[in-house]
Amino acid sequence: MKDVYLFSGFLGSGKTTLLMNTIRQLKEQNLKPAIIMNELGALNFDSQAIEENIPLKEMLNGCICCTGAEKTEAQIQSLLADSEFDVLIIETTGAAHPVEALDAVYSPLFANELNIKGIVTVADSKRWLEREGMSIQTRSLFLEQIRHAHLILANKMDLLTESERAKVTFEMQNINSHALIIQTTNASLPIKYLQRLQATARPASIQQATIGEHLHLGSRLVTFNSEESFTQEKFEEWIKTLPNSVYRMKGFVPIEGIRNPMLFQYAYGLTQWLPEYVKMEPNLVIIGENVNELELPKA
Ligand SMILES: Nc1nc2c(ncn2[C@@H]2O[C@H](COP(=O)(O)OP(=O)(O)OP(=O)(O)O)[C@@H](O)[C@H]2O)c(=O)[nH]1
């Protein structure tokens, strides 16, 4: 039987970071991972970080729970048929309801092949503390992701004070008393916590879950032309003008004086810029509500 983990968590909470940490630790144990990655947009920046020899299926342009169970089934079937692996990790989009996504994995076809270990939710702890400022829909999805987890990572602890850390854990435990909650920074989770999960995610509990909290977020792909480049300051100024219904941005942004477009990440007010050694197509994916109405940055 192959163990299956479903990584859930709001946009930008640290799922891909957890995925990379987990892959590294599986390899240290000589276990082979296979990955299914689901993205809301047409491009998957995160999949570029996955080594080529790891079997990877991408489900782009929509949420795993909306795309339908058949498509997930087909992806799993083709992984089982074509690839050798010991552990399957499914990373959902941050807009997915974890139970609906897991439901897509339950199929009589795999009953003898897959051992579904459970839902691992990565939570942005700072965002958790500020959840009152979210739209009702977003907040309720956040709660659902915590409520249905079998293991919770209270991530981004580096951004909190000691008392805030305790508050996050206390509040999450009140919502989900069954899951173990682990405080992490950079989703640094020893793999034993995953491996100890007891395959508690059974179809019966799935049917009882409250479904329907799914968020229908939009994604917009912005392509920069070859003459365009920004100063980092100007780009950051544009970010400050964005409404808080923009949850996530990822892309390669051309910056004046820097040879290759820089890898850019934005999650809940925080930006990250990293140099890129390969010349990537300059573009940006914006995920949030009403993203088609946003004004774009000016070079
Ligand atoms: N300060 C801080 N930043 C973190 C931490 N964990 C992850 N990040 C950063 O948060 C951003 C989002 O991390 P990802 O791992 O890509 O998040 P994700 O949940 O996969 O994002 P989506 O796939 O877009 O939903 C990146 O810039 C990470 O470097 C943490 O513990 N502390």
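Among contacts in the protein chain between residues at least 6 apart in sequence, what percentage join residues at least 24 apart? The share is 77%, where two residues count as in contact if their C-beta atoms, placed from the backbone, lie within 7 Å.

The structure is a predicted model, in which local features need pLDDT of at least 70 and side-chain atom pairs count only at pLDDT 80 or more, while totals for chains, interfaces and linings use all residues. Residues are numbered from 1 along each chain as its sequence is written.

The protein chain contains 10 helices and 12 strands. These elements are DSSP runs, numbered from the N terminus: helices are H or I runs of at least four residues, and strands are E runs of at least two. Of the 299 residues of the protein chain, 41% count as buried. A residue is buried if 20 or more other C-beta atoms lie within 10 Å of its own, exposed if 12 or fewer, and partly exposed in between, with C-beta atoms placed from the backbone.

Confidence comes next. The predictor's confidence in each residue is the pLDDT, from 0 to 100. For the protein chain the mean pLDDT is 84, and 86% of residues reach 70 or more. Confidence is highest in strand S6 (residues 151-155), at a mean of 97, and lowest in helix H9 (residues 203-208), at 41. Over residues 202-214 the pLDDT is below 50, although this stretch has 18 contacts in the model beyond near neighbours in sequence. Where pLDDT is low, the predicted coordinates should not be read in detail. The model as a whole scores ipTM 0.98 and pTM 0.79.

The ligand is surrounded by 21 residues, of which the closest are Gly14, Lys15, Thr16, Thr17 and Gly94. A residue is near a molecule if its C-beta atom, placed from the backbone, lies within 6 Å of it. Helix H1 (15-28) and strand S10 (262-267) are the elements that give two or more residues to this shell, and H1 gives the most, with three. Domain 1 (2-208) and domain 2 (218-293) each supply at least three residues to the shell; these bounds come from an automatic or database domain assignment. By class, the shell has four nonpolar, 12 polar and five charged residues. Here Ala, Val, Leu, Ile, Met, Phe, Trp, Tyr, Cys and Pro count as nonpolar, Asp, Glu, Lys and Arg as charged, and the others, Gly among them, as polar.

Two residues illustrate backbone geometry. Most residues other than glycine have a negative phi. Asn30, which is not a glycine, has a positive phi of about 60°. Asn30 lies in the loop between H1 and strand S2 (33-38), and it is exposed because 7 other C-beta atoms lie within 10 Å. Lys156, likewise not a glycine, has a positive phi of about 65°. Lys156 lies in the loop between S6 and helix H7 (162-175), but it is buried because 27 other C-beta atoms lie within 10 Å.

Gln183 belongs to strand S7 (residues 180-183). Is Gln183 buried, exposed or partly exposed? Gln183 is partly exposed, because 16 other C-beta atoms lie within 10 Å. Leaving aside neighbours within four places in sequence, Gln183 is in contact with Ala154, Met157, Arg165 and Thr169. Gln183 and Arg165 are 18 residues apart in sequence and 7.9 Å apart in space, C-alpha to C-alpha.
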